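Okay, thanks everyone, let me get the model up on the screen. I'll walk you through the fold and then a few of the contacts.

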Amino acid sequence: MALDKQDFLAALQDYSEDPPILLDELWRLYQSALHYARLREQASHPLSELMHTPVTTISPDHLLAEASQLILEQQISGLPVIENNRLVGIITEGDLMAEFGVPARTPQTSRVKQALDSWLHPHMLHTSSATTKVREMMTHTVVTAEPNDTLGQGLELLRRHQVTRLVIVDKQHQVVGIVTRSDILRFTSAVPHTTPPPPTASAS
């Protein structure tokens, strides 16, 4: 059952403490508490409810050019790297940009310097993506989670490791899904709430 602003008004008539609580203050407090309750409710959902599957993966022996093509075709930002059915790394847009001399995590001044160097020395624009294999550029340490881990746990992993995606693996370390920031936003926007939102009508 959802509380209405009129219910708060009726409750305030029985409130005898001094100074009295203003209705608008109490209503704002209720709405804030309801917001945090919704966040807590969403955070308890398992990652299996928002991960997308099947996952597009790549072998460590594929070429960087093939990884780039897959990322463009699938409109994704990273590819888990699979060898013998097990997760061994990940190749991301940032890794591929680093191949062009634009590291993903460098100060802006460094990126500007890289661009200027490339303009001054055109030969630096060449890339070895036609011959370099994924295993040579992939990130070996992958932040993973399990399907039954909660969204709250997943958000903590994203925050702690400063990454933009979680690879979801089973007990055998086989990839079963992936969760990105877009998946999280999509899920939190669409998931139904068990507590109805408060009405917008005001009462005096």
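So, along the sequence, the pattern reads α-α-α-β-β-α-α-α-β-α-β-β-α. That comes to eight helices and five strands, where helices (H or I, at least four residues) and strands (E, at least two) are DSSP runs numbered from the N terminus. Bear in mind that this is a predicted model: local features need pLDDT of at least 70, side-chain atom pairs count only at pLDDT 80 or more, and totals for chains, interfaces and linings use all residues. Residues are numbered from 1 along each chain as its sequence is written, and side-chain values use heavy atoms, with hydrogens and water left out.

Some totals for the chain. Of its 204 residues, 30% are buried, meaning under 20% relative accessible area, with exposed being over 50% and partly exposed in between (1.4 Å probe, protein chains only). Take contacts, meaning heavy atoms within 4.5 Å, between residues at least 6 apart in sequence: 61% of those join residues at least 24 apart.

E1, residues 78-83, is mostly covered, with five of its six residues buried. E1 pairs with E2, residues 86-92, in the antiparallel sense over six bridges; for two strands to count as paired, DSSP has to find at least two bridges between them. There are two residues between these strands, and Asn84 in the turn has a positive phi of about 55 degrees. Glu83 has Arg86 in E2 as its bridge partner.

What does Arg86 touch, not counting residues up to four places away in sequence? Val81, Gln172 and His173. Arg86 and Gln172 are 86 residues apart along the chain, yet their C-alpha atoms are separated by 7.8 Å. And Arg86 is partly exposed, at a relative accessible area of 42%.

His173 takes us to the other hairpin. In the hairpin of E4 and E5, with five residues between the strands, His173 takes a positive phi near 65 degrees. E4 is residues 165-169 and E5 is residues 175-180, and they pair antiparallel over five bridges.

Those two belong to an open sheet of three strands, in the order E3-E4-E5, with mixed pairing. The edges are E3 (144-145) and E5, each pairing on one side only. E3 and E4 run in the parallel sense, over two bridges. Which residue in E4 is the bridge partner of Ala145? That's Ile168, and Ile168 also stands opposite Gly177 in E5.

H7 packs on this sheet, touching E3 and E4, and its direction makes about 130 degrees with that of E4. Angles here run from 0 to 180 degrees between N-to-C directions, and axes are lines fitted to C-alpha atoms, for helices over the stretch in contact.

Last stop, the helix pair. H7 (residues 151-161) and H8 (residues 181-190) pack at an angle of about 145 degrees, with axes 12 Å apart. Leu151, Leu155 and Leu158 from H7 meet Ile184, Phe187 and Thr188 from H8. By class, the residues of that contact split into five nonpolar, one polar and no charged, where Ala, Val, Leu, Ile, Met, Phe, Trp, Tyr, Cys and Pro count as nonpolar, Asp, Glu, Lys and Arg as charged, and the others, Gly among them, as polar.

That's it from me, over to you.
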